[in-house]
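Let's take a walk through this one together, a piece at a time. Have the sequence and the 3D view open as you read.

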Amino acid sequence: MENLKIVTDRLIITEFDESMAESVHVNSLDEENRRFVPDEVFETVQEAHDTIIFLIECYRDMKGPFVYPILLKSGENIGYVQAIPIDDEWEVGYHIASNYTANGYATEAVRAFVPLIMKKIGIARIWGICRGDNIASRKVLEKCSFILEHKGFGNYKGENHEICKYLYRLR
Ligand SMILES: CC(C)(COP(=O)(O)OP(=O)(O)OC[C@H]1O[C@@H](n2cnc3c(N)ncnc32)[C@H](O)[C@@H]1OP(=O)(O)O)[C@@H](O)C(=O)NCCC(=O)NCCS
């Protein structure tokens, strides 16, 4: 994967570097993240650092996952956006730290990121999968032109939950 840097009105989506371990650790600890994405909580700076090293390695080939920090233009790290391989398909993911939510940042980041990363990977469709009760995440997907394809109960990160599967297609 060639270098990625996206600049939107308020955000910069760029590549991780090791100096971000502290902010990645702190951002990951909020309650919404623990509830909806428990496998992406980093309890220590070391854990965040090890993950960043792995993610930087992943930029070097085309297998993914491709995960990028979301920065305010002041340089503050407020979350991430990602494209993750699932079987033969890809799934988008995102987190905005709780101090920064409800400002439209996730929508702004996902809207800019999705078409660009899809072109870079060479795919025509990407999934957005979330719990049915993750209203904020569903709103983000809907505002970014993802279409609800399936809603039903199933295994979500090891627990039984209502799951919504949205699909975005490149036009
Ligand atoms: C989901 C998440 C990324 C949204 O980030 P955000 O920057 O607040 O998103 P936006 O501001 O772009 O849009 C969120 C929308 O949900 C609404 N919203 C936010 N929290 C909400 C809540 N608890 N209940 C209902 N609506 C909520 C906002 O008002 C906004 O809707 P609007 O545009 O109609 O006003 C953020 O809450 C988060 O990181 N959650 C934890 C991780 C997660 O769930 N990731 C997705 C996994 S599938």
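**Starting at a hairpin**

Strand 7 and strand 8 make a hairpin with two residues between the strands, and Lys157 there takes a positive phi near 50°. Keep in mind that this is a predicted model. If you want a spot to check, look for Ile147, which stands opposite Leu167 in strand 8.

Eight strands form an open sheet with mixed pairing, and their order is 1-2-3-4-5-6-8-7. The edges belong to strand 1 (6-7) and strand 7; each has a single partner strand, so one side of each is left without a neighbour in the sheet. Elsewhere in the order, strand 4 (residues 77-86) and strand 5 (residues 89-96) pair in the antiparallel sense over eight bridges. Here Ala83 stands opposite Val92 in strand 5.

Next, helix 5. Its buried residues are Ser137, Arg138, Val140 and Leu141. Seen down the axis of helix 5, these buried residues fall within an arc of 155°, so they line one face of the helix.

Follow the chain on from helix 5 and you meet Ser145, whose phi is positive, near 70°. Phe146 sits in the loop between helix 5 (135-143) and strand 7 (147-156). Is Phe146 buried or exposed? Its relative accessibility is 4%, so Phe146 counts as buried. Leaving aside neighbours within four places in sequence, Phe146 is in contact with a list of residues that includes Val92, Val110, Ile126, Trp127, Leu141 and Leu167. For a sense of distance, Phe146 and Arg171 are 25 residues apart in sequence and 12 Å apart in space, C-alpha to C-alpha.

Last, the cysteines. With a disulfide taken as two cysteine sulfur atoms within 2.5 Å, the count comes to zero. Cys144 is in no disulfide, and the nearest cysteine sulfur, that of Cys130, is 12 Å away. Cys144 is buried, with a relative accessible area of 5%, and Cys58 is buried too, at 7%.

Key. Residues are numbered from 1 along each chain as its sequence is written. This is a predicted model: local features need pLDDT of at least 70, side-chain atom pairs count only at pLDDT 80 or more; totals for chains, interfaces and linings use all residues. Side-chain values use heavy atoms; hydrogens and water are left out. Buried means under 20% relative accessible area, exposed over 50%, partly exposed in between (1.4 Å probe, protein chains only). Helices (H or I, at least four residues) and strands (E, at least two) are DSSP runs, numbered from the N terminus. Contact means heavy atoms within 4.5 Å. Two strands pair if DSSP finds at least two bridges between them. The arc is that of the directions from the helix axis to the C-beta atoms.
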